[in-house]
Amino acid sequence: MDVPLPHLDRPFDYLVPDTLDADARPGVRVKVRFAGQLVDGWLLERVAESAHPKLAYLEKVVSPVPVLAPEVAELARAVADRYAGSLADVLRLAVPPRHARVEKDVTAEDPADDPPATTGDAAVAAPAGAAEPATPATASEDAAEPATPATASEDAARTLSAAGPGRSGGPSAVGQVDPRGWRDYPAGPAFLRALTAGRDPRAVWSALPGEDWADRYADAVAATVAGGRGAVVVVADARDLDRLDAALTVVLGPGRHACLSAAAGPARRYRAFLAARRGDVPVVIGTRAAMFAPVERLGLVAVWDDGDDLHAEPRAPYPHARDVLLTRARLAGVAALVGGYARTAEAQLLVETGWAREVVADRATVRARMPAIAPTGDDPHLARDPGAASARLPSLAWTTARDALRADLPVLVQVPRRGYLPSVACADCRAPARCPHCAGPLGLPSAEGAPACRWCGRVAAAYACPECGGRRLRASVTGARRTAEELGRAFPGVPVRTSGREEVLATVPAGAGLVIATPGAEPVAEGGYGAVLLLDSWALLTRADLRAGEEALRRWLAAAALARPGPASGRVVVVADGALAPVQALLRWDSAWFATRELAERRELGFPPAVRMASVTGVADAVADLLAGARLPDGAEVLGPVPADEGRERMLVRVPRARAAALAGALHAAAGQRSARKAADPVRLQIDPLSLF
């Protein structure tokens, strides 16, 4: 039932009246009477008998279209168990809201194509009180404790070339896939051949600089379709989705794939979902809304740039698209592809434990493809330019941009913060400027604007520093629009464009020009950028976050990948100390080295993904009540409490990965006890949250 109460997270039995027998098929939406109220639900299964002697009847079949596929229901149960959540919460994420007009139009086109029901002489739904299945582990959990160590040849056989007999249903219209785009990666052509042959390879791919990742993913999808199977690909945002959509249209032809995205609107999203559910298209791509997409004869699940925080669902039970797809690959026995310019510690864990094989280029190819990258904070540059340690745009960055513009090449400038001056301080004593009403940070929206609070929005036109009484303000943090203004004055006559949350540019023309972009909004330049400047690196590296270095490297690599190769005059300047580990990984274009280092440090310190960690957030009494009622597994370590937000506190529970399922089950059971007692104060449970501090 669609009831967000943990203690009701189980199937219930209802009788099916004769009038609803034809429509009450597994996977349909229904309405039932529960506790005197009419509630929504999902019909999971039809069986002949029930262990309960007295049952109520189904009240209504909302729609005869079985939108919940059996494999998606199984996946949703596994995800709920993995994240200490309820099945109803996961199903809200897995199946988009019903759009009656679209459903009517689609079924009217060819009602015979509805997915067949697997009912017999069934009279009731799934039996209540049935034994709960063992909590399935995610792919990365399986990887963390391999049964027996495999040799390199055995690993290659298991992952890329001998993953079992083919299951293809015959040749497809795609035909043989040309592997030329993957030849820069020694294991790439074998990966495509395994997909075409119907096997189930698992790969972690590190993309080369300048690589058209959308074309490579389109090749992998086409190889899967050529083997008679379908694919699901998840990307982080709408811009990446548009690139992949265009690439797949070229390779597969129009009408051969569906795009699932919440930004598409209710009608378009539901129409695309029904097309996939009915088997009209073999491929579904989309943002995290597509991670549960139903695809017939699924053969490949893939995610691009799995380190992007947009892959983390902000609604309970807070699943991550990468982990959902890896769980799906394990349950369905299909191929998996995790790709990006950077590599996360979670992806490195898959490689180190043998669950997946890395697909990387050799060092000679990397050096030939990467731009020339230089830091501004190492000793040789400081000797030539002593002011580089404090300058926002050191002389090396300025001359690199000037030379590229003189060569009639575009220049990309990455700035971590958007806006004009998002943070200001007193010009006399340097105390941060705070709102006198709510103590929020003050910022300047424009050169002529008055300082305003970024929390409550109040204007502080007559601001006076409470420390020294000063009324003059200076910039603490410079945003993208102020950077564009400054560079426009530094390079008069050069076109200046900005790309950020307000307006994201997809492409920019060739020729001299400045592009100022925030991370993730960098447009592609025709022929590549002549120079890429990575400014304000301290804003990324000094965040109080477990993933600060990993995130900084990911954003830098994504921007640097848009530069021309070094032999073609491509240059990248990072305003940072060259001795820092993320900067070293950028200079060598070696995200695998940095991911190995990160994973080793997290193992030593006991942080995810080396361990499983749960965050319990709420008011102090509620958190203490839940943990007191939880039967935590042996070896569980409780950390905290620490202040959270809005008067709440947070406790962390850490266990080895082998006890991850036990931890999730214990927390979910404790939450169920509190909901059964109608506890007033809610508690938020998150497994392996992106932010631990």
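Predicted model: local features only at pLDDT ≥ 70, side-chain atom pairs only at ≥ 80, totals over all residues.
A residue is taken as buried when its relative accessible area is under 20%. The buried positions are Ala 548, Gly 549, Glu 550, Glu 551, Ala 552, Leu 553, Arg 554, Trp 556, Leu 557, Ala 559 and Ala 560. Helix 17 covers residues 548–560, and the distance from its first C-alpha to its last is 18 Å, close to the 18 Å expected at 1.5 Å a residue.

Within helix 17 lies Glu 550, for which a relative accessible area of 9% was computed; this residue is therefore classed as buried. A polar atom of the Glu 550 side chain is placed 3.1 Å from the backbone nitrogen of Ala 345. When neighbours within four places in sequence are set aside, the contacts of Glu 550 comprise Thr 344, Ala 345, Phe 594, Glu 598 and Arg 602.

An open sheet is formed by six strands in the order 11-22-21-12-19-17, with parallel pairing. Its edges are strand 11 (372–375) and strand 17 (496–499), each of which pairs on one side only. From one strand to the next, the twist averages 15°. Packed on the sheet is helix 15 (residues 480–490), which touches strand 12 (410–414), strand 17 and strand 19 (513–517); the direction of helix 15 makes about 160° with that of strand 19.

Strand 21 (residues 531–534) and strand 22 (residues 571–574) run parallel and are joined by four bridges. Opposite Leu 533 stands Val 573 of strand 22.

Conventions. Residues numbered from 1 in each chain as written. Heavy atoms only, no water. Pairing = 2+ DSSP bridges. Helix = DSSP H or I, 4+ residues; strand = E, 2+ residues; numbered from the N terminus. Axes fitted to C-alpha atoms, helices over the stretch in contact; angles between N-to-C directions. Contact = heavy atoms within 4.5 Å. Expected span 1.5 Å × (residues − 1). Buried < 20%, exposed > 50% of the residue type's maximum accessible area, 1.4 Å probe, protein only. Polar contact = N/O pair within 3.5 Å; in protein donor to acceptor, adjacent residues only side chain to side chain.
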